[in-house]
Each structure stands twice: as C-alpha cells, then as structure tokens.
Amino acid sequence: MQELRIRIGEINMIKKGICLVMSILLCAVVLVGCGSKTATSEASKTIVVTDQAGREVTIKSPVKRIVSGYYISTSACLALQLKDKIVGTEDRGKRPFYKLFDSNFNALPNVGSAKAFDLEGCTALKPDLVILPTKLKDSAESMSKLGIPVILVNPENKEKLIECLNLIAKATSTEKTAQKLITYYEDASAKMENLTKGLKGNEKPVVYMGGTDSYLTTAPANMYQATLISLAGGTNAADSLKGNSWTKVSYEQILAMNPDVIIIPSEANYTAKDVLGDPQLSKVTAVKNAAVYHMPSAFGAWDSPVPSCILGSKWLLSTLHKDLYSFDNMKADASEFYKQFYGITIDEKLITK
Amino acid sequence: MGFHMNSKENKKMKIAFILIAISIFVSFVISICVGKYPITLHDIKDLMLGNSINEMSRKVFFALRLPRVIMTLIAGFGLGLAGSVYQTIFRNPLASPDIIGVASGANLGAAVAIICLGNQINLVAGSAFIGGLMAVYAVTLLVHVTQNNSTATYVLAGIVISSLSQSIIMVLKFFADPESELAAIEFWSMGSFGSVTDTKLQVVLPIILLGIIVVILFRRQISLLALNEDESRMLGVRVTLIRIIVLSFTTLVVACIVSVTGLIAFIGLIAPHIGKLILQRQNFATCIFSAFVGSLIMILADCLARTLYSTELPISILTTFLGVPFLIYFMNHKKEERI
C-alpha cells in the first residue's frame, strides 16, 4: 500500500516534470517557427559572383565592411588594399605575417577558425561581405540565411589562387589591383622560366622539400610545392611519389633520393640545425655540404599558394642558382612587392635562408 | 514510521525536482542572453511581447541563439536520460552512451563521411547517425551470437564494438589529410553547439522528442528491468524485446543529438550518477531527474564555451570540467551522510 502511494507520488512528479519540459519545448518550437519568416529588401546596385563552391552570390555594392575567415583570403584582401575595410578576421593565432601590419589591424576581433566558426560573432560585426574557405560551407549557408552575403574560396593551387583573387576583386570592385598582382605573377614566372630554361639536367639540383610537421614528410609530384621547385630550376627529389599532400618517407628513402639541397618550408616547426644534426642523414649530400635552407618565416607560407607565393619561387631560385639571380636582388624585389601591393615596408633582414 | 519516512523522502524528491526545474529555467534565461551578438534582455522581452526590434537582432535570435539554447537543453536531457536508462536496464553503473558503442559508432560514421564523402555537413550528420545505430545493432547481434543474454554481455559487447570502431577511426586518421580532414575528425569528436541553427533543430528535434516520448511510455518496463532478470520475466516483461526497443529509441536520441553537435563527453555517464546520488534511488524518477541534471550541466557548459575565450571552446572540455567537480562533491557529500 505504502509502496503504491510512493509510486503514485513518483508518477505524478514525473508527469509534472514531463509537462514542464514539453511546455518549454512547445513554446520554443513555436518561437522558432515564428523566426523562419524572412524579410527581403532590394538594393539598387548589386554585384553577382559565382564563388569557388559554385554558389551564386549577390553582393550589395560598394562593400564597406569585410569579414575574412581564412588566412589566405585575409592576405588576399590585404594585397588588394582592402585593409581599411576589414572588420574581422579568422583567429590570427601566432601567424607572424600579421605582425607586419599596424596595431589597428592586429586589434581586429576574430570570428574563430575553420574548426569553430563564430556565427554570432561574425554577424555582430555587421559585415556586408564575408569570405570563408569552402570547408566552412555550412556556416556560409547559415550566414546567407541571415541575409549576409558569403563567398567561399578554395585556393588550393596557383590557378585556384588566381581565381580566388579575381573573385574577391569582383566582389569588392578592386579588379584593377588584382590585375596588377596577377600580371606581376605572370611577368615574374616568365622571367624565371627564361633564366632557368638553359639549365641542363645535371645543372638542376635535386631538391628535397621537408613537410611542415616533420622532415620525414615531403612534397610528392602533385603538390604545389613540387611546381615551385621546377619553376626555380630544381628537380623534386620526391617526384616518383604520388599524392597531393605531405607524404611520409623513411630515412632510407631520403638516403636513396640523396638530395643536393634540403628546403624547410616557412611554417615548419623544426630548424635547419635539427636536420643538420640528425646522424641518420649525415651521409646525404645536402647535409654534407650544409645545403639545408629554411624559407623565411616572417612573411607567411611562401611555399604554399598564398598571394605572396611568387616570392617563394624567387627565394628558391636565388637559393638554388645565385649566379642566375642574386639573393640581394631577391631581397630588393620582395621589398618592392610588399610596398607595392601591401603598402608596408619590410625589414629585409627578415629575409633569410 | 515507515510511511512517515517514505512521505518525507517523497517530499525531498519533490523539492529536488522543483529546485532543478528552477535552476534550468534560470540558466536557460542566462544562456539566451549570452553570445557575441549583442541582444539585451530588453530586446528579448520586446520579442516575446511581439514588439518590433532591430531586424538583424530578431533574425540572430530566432535563427541562432534560441535554437542553440534549445539544442543544449534537449541534448543534455537526451544524453542524461539515455545514460540513466542504460544504467538501469543493464544494472551497470558504467553503462553509458560512450561505453555501449553509440558514441564511437557515431564517431566512426562521422570520420568515414569526413574522409570518403568530402566533409559535407549533412552527410557527416547522416553518417554519424547511421554509425551510432549500426554500432548498437552490432552490439545486440554480438550478444545474440554469444547466446548469453546477461547484462554484462551487453556492456562487454559494447566495449568490443567501441574498441573496434576506435581502431578503424585510427586507420582513417592515419590516411587523412592532416591539414583539413584530420583536424575535422578531431574537432568533431570534441563537440560543439556553434553550428546549430533553426533549420537543423527543426530536422532533429521531432526525432529526439519521439525517442524521449517512447522511452517515457516504457517507464514501467524500464523500472522492472532494473530488477532481477528472472523476477522481471515472472512479472510478465518480455526482457529481450523490451531491452531492444528501449535500446533502439535511446540510441535514436543519442545518435540524433551527436549527429548535430559532434561527440559530447561524460554527460551520459555523470548526469545519471549525480541524479542517483541526489535522489538516492534508482528508478524511472531518477532517470528523469538525471535528464534534468544533464540539461543543467549542458546549458552551463555551453554558456562557458561561448564566453571563456575569444573563440568558442569545444563543449566536451566544459562538460567534463563542470561535471567532475559536481560528481566529486556529491560523492563526498553522500559519504558523510552515510557515516
């Protein structure tokens, strides 16, 4: 009897609890339902672009407030002289490149990263254009529903980078600046090809490009870094490996490749000292001749398709063939590049090898 | 005397339920005001009263803020309930969505979608959902094959399937692109409410509610399953069938939740224990109470996830850091009482 009473008491309580939850949820569902109605407003002047995910995006012109959620698009905006219009960026973390810009820029709020994009934080910045990487497509859809135009970019190689620059330029009406930058790439590439075309097979050093996380990973034939090596008049040591991202190799493989030069990419978390001091590699020609070079780390990932990637090719050319293109010329060219496109004066001492 | 004691206990339980309901309500209101987009309490009042406010604030509130808070509430409720029901029907204090295989199955599903299906959010969610369900069916199949229908077999089979999923995930991780795919798998397994929107909530909420309602409808059978297996059989419970039905619907709830949020650690294990320590009994009322505890911890954890750092923190970090002190406190508190 007593047990029965307790049970009835319990059941009543459970029922009350369930009623409470259900009523909260019901209110909530009704509220969410109300929120789905959308208001539309038409602007007089609009730009329509197709982004790198194939989405058609309508943007009100002129764009005055830009949020860029990806370091490559942020760099692209900076190169297109849109710095004063950027109101928020991705989590800038420790990227040294941004340190080259003024404190106003470095104080900009961040909207998270590709791992955790901050939808509300981005909306709070009231942007009239948001640029995100294609992997944040889901966030882009959510932002679009709020009426904020989002373009998705995917600069995974040089062609896509140029496409990305043109896309941002069209969206922000900075086509002329983009054209200048692209012409610079074309001219510089043509000049480099001209310089290296006379090189015979044995004059092209075998270059091993270490990965960012470990020098026991390297760039296989289909990776952007491999094209960088051939443009700079070298032969990629890992051309026989397939794939398009850093690929693991063993000490034995490196010894078999026996590279003449080892290149460490800008954002690597190891140094030339580590490579030179590794006893397993002591028999490699590059180590014997101390031909291990670290791309400068102060300017972003010169080895990957970023807007300043052309300087990576130039740096590598001057490193591999200083008789064709001196390191001093390279430094002067890099200085000029940053002045012309980013409007900043760089410290040439930061260009090291 | 006995009756007096019981009515006192009953009153205590009533107070516990009222207190937790109030705490949830308060944290719900706080949570709804917290966020990077400035929406004041005044704005929210205006919204409720139907007054006009800034168009963007209204959109953000209805498309992001409110769905997110509802999702935290319901996710906490669902995981707490599922964990508690698992512990009840398997009569094992370690049974939780993490142990029984749902979580790792969902994790495997998500990893497969991230690597093989191009990391599209809908596919990841769908694949995680299917992965979670498949893992639990694999567990029941394993139990069926061994022909040993005891509760320990379920838990052991869950551990086997979890470990198997984990090792397949390791294989996938090894071949994943470290920049994009590996990071995506890792981050998925830490969970986040950051990408919850009204559209996603509208898809999963009915399924989650369906699961919860079915579990509640089976409350009598769940309570009976907590008894000795032979006793429950004698009382007319078709043990295996009921176990599979209850397991299916709790799994449905968990898989639905994690398909949207990614894995959420610890709630499914800790909420039932806190619930049990407070109410000091294990029956269906405890399951519901544990679900409320889950909601409360989840709402608080998500408030912190949004405010502690300049970018959002993964929810699993906070659920664990919040849950552990709670559990330690109640473990100690009840120990003293017993002495």
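View 1. In chain A, the loop that runs between helix H3 (103-106) and helix H4 (119-124) holds A:Val111. In this predicted model, A:Val111 counts as buried because 30 other C-beta atoms lie within 10 Å, where the cut-off for a buried residue is 20 or more. Leaving aside residues up to four places away in sequence, the residues that A:Val111 touches are A:Val67, A:Gly69, A:Gly88, A:Glu90, A:Phe117, A:Asp118, A:Gly121 and A:Cys122.

View 2. Chain A is divided into domain 1, which spans 46-173, and domain 2, which spans 181-350. The centres of domain 1 and domain 2 of chain A, taken over C-alpha atoms, are separated by 29 Å. Across the boundary, 18 residues of domain 1 of chain A are in contact with 16 residues of domain 2 of chain A. On the side of domain 1 that touches domain 2, the elements of chain A that give two or more residues are helix H2 (71-79) and helix H6 (158-172), and the largest share, five residues, comes from H2(A). By class, this side of domain 1 of chain A is made up of 12 nonpolar, three polar and three charged residues.

**View 3. The open four-stranded sheet of chain A.** Four strands of chain A, in the order E9-E7-E11-E12, form an open sheet with parallel pairing. At its edges are strand E9 (235-236) and strand E12 (292-294) of chain A, each of which pairs on one side only. Strand E11 (residues 261-264) of chain A is joined to E12(A) over three bridges in the parallel sense, and A:Ile262 has A:Val292 as its bridge partner in E12(A).

**View 4. Helix H8 of chain A and the elements that cover its buried residues.** Helix H8 of chain A comprises residues 224-231, and in this helix A:Gln225, A:Ala226, A:Leu228, A:Ile229 and A:Leu231 are buried. The cover over the buried residues of H8(A) includes helix H7 (175-196), strand E7 (206-209), E9 and helix H12 (309-320) of chain A, and of these E7 and E9 also belong to the open sheet of chain A. Just after H8(A), A:Gly233 adopts a positive phi of about 75 degrees.

Technical notes: Residues numbered from 1 in each chain as written. Chains lettered and ligands numbered in written order. Predicted model: local features only at pLDDT ≥ 70, side-chain atom pairs only at ≥ 80, totals over all residues. Pairing = 2+ DSSP bridges. Buried ≥ 20, exposed ≤ 12 C-beta atoms within 10 Å, placed from the backbone. Contact = placed C-beta atoms within 7 Å. Domains from an automatic or database assignment. Nonpolar A, V, L, I, M, F, W, Y, C, P; charged D, E, K, R; others polar.
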